[in-house]
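Here are my notes on this one, written as numbered points. Have the viewer open while you go through them.

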Amino acid sequence: MLRPSRDSKRRACQVAHVDYKALNIAPPALRIWPRNPYGVCVSSLLQRTRAKVLVVEDEPAIADVVSRYLRRAGYETAVAGTGQQALGRAEATQPDVVVLDLMLPDIDGLEVMRRLRRADHGRGAIILLTARGEESDRIVGLRLGADDYVVKPFSPAELVARVDAVLRRIDPIGQREPPLCFDGLEIDPAAREVLRDGDPLELTQREFDLLLFLARHPGQAFTRDQLMEHVWHYTFYIDASTVTVHIRRLRAKLEPDSARPRFIQTVWGVGYRFAP
Ligand code: CA
């Protein structure tokens, strides 16, 4: 499996051109593009359901970094620098999530939130941006119905993760799991489709489930009994040689050379593992 090297981290920081210290926000955690350490397709992430996020922040540099990270994660973004602007943009764009700074130059963030919640277009999730020491505002915000909050200084990657999380809570089905990609093999759990070098493979339901289960746990060895349990959901009454048969069929469809499997490897004395 590929691990991001120190060089790629340095490159990522240079690409961003952001003086995080001056902005008083933490530098990004490991979100390296376009390296692909976890088998997730970068292109598919970019095509992820384009939920809309309104970023309300009066410091242009922070608003810029945050919206850039959100766009990179596949979101559509709009930015507002004042409370008044935020109310207008919310009405115009109907955002799924509002990232709302509490300290705004005109209307107080909590008041913006109250007005958003009263309006029809204020149904989206709200994540508050608060400074340390604004604990009472945070509590009031949560009581008023904020979905989450992030304390400054924060890492833009963390904020993206919070946006992902509130959207999952609101709409668990709408968030499409991105395809898994490995060396010419693409497994799309949402479409239940497998592509080998761009060509679709005709897999049965069970073959697909078996491949998906193994690929979601790359490098991990499973016994036939474990596969029976997790893929077939049976714990007994079934002959574990069923697994062997399915693995053989899957290899024949999937592997360029099924005698020397590239992806589904035999672990002698144990069972099988997926090699990413
Ligand atoms: Ca502010």
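1. Start with the open sheet of four strands: the order is β6-β7-β8-β9, and the pairing is antiparallel. Its edge strands, each pairing on one side only, are β6 (180–182) and β9 (199–200). For the terms: two strands pair if DSSP finds at least two bridges between them. Strands (E, at least two residues) and helices (H or I, at least four) are DSSP runs, numbered from the N terminus.

2. A caveat before going on: this is a predicted model, where local features need pLDDT of at least 70 and side-chain atom pairs count only at pLDDT 80 or more, while totals for chains, interfaces and linings use all residues. Residue numbers start from 1 along each chain as its sequence is written.

3. Across from Cys-181 you'll find Glu-186 in β7. Helix α9 (residues 205–216) packs on this sheet and touches β6, β7 and β8 (193–196). The direction of α9 makes about 105° with that of β7. Contact here has C-beta atoms, placed from the backbone, within 7 Å. Axes are lines fitted to C-alpha atoms, for helices over the stretch in contact, with angles from 0 to 180 degrees between N-to-C directions.

4. Next, the open sheet of three strands, ordered β10-β12-β11 and again with antiparallel pairing. Here β10 (221–223) and β11 (264–267) are the edge strands, each pairing on one side only. On average, neighbouring strands of this sheet are turned by 35° against each other, direction ignored.

5. How many bridges join β11 to β12? Four, with β12 covering residues 271–274 and running antiparallel to β11. Thr-266 has Tyr-272 as its bridge partner, and Val-267 has Gly-271.

6. Which strands does helix α10 lie across? Residues 224–232 make up α10, which lies across β10 and β12 and runs at about 90° to β10.

7. Finally, the whole protein chain: 11 helices and 12 strands. Of its 276 residues, 28% count as buried (20 or more other C-beta atoms within 10 Å of a residue's own, C-beta atoms being placed from the backbone). Among contacts between residues at least 6 apart in sequence, 60% join residues at least 24 apart.

Notes. Contact = placed C-beta atoms within 7 Å. Buried ≥ 20, exposed ≤ 12 C-beta atoms within 10 Å, placed from the backbone.
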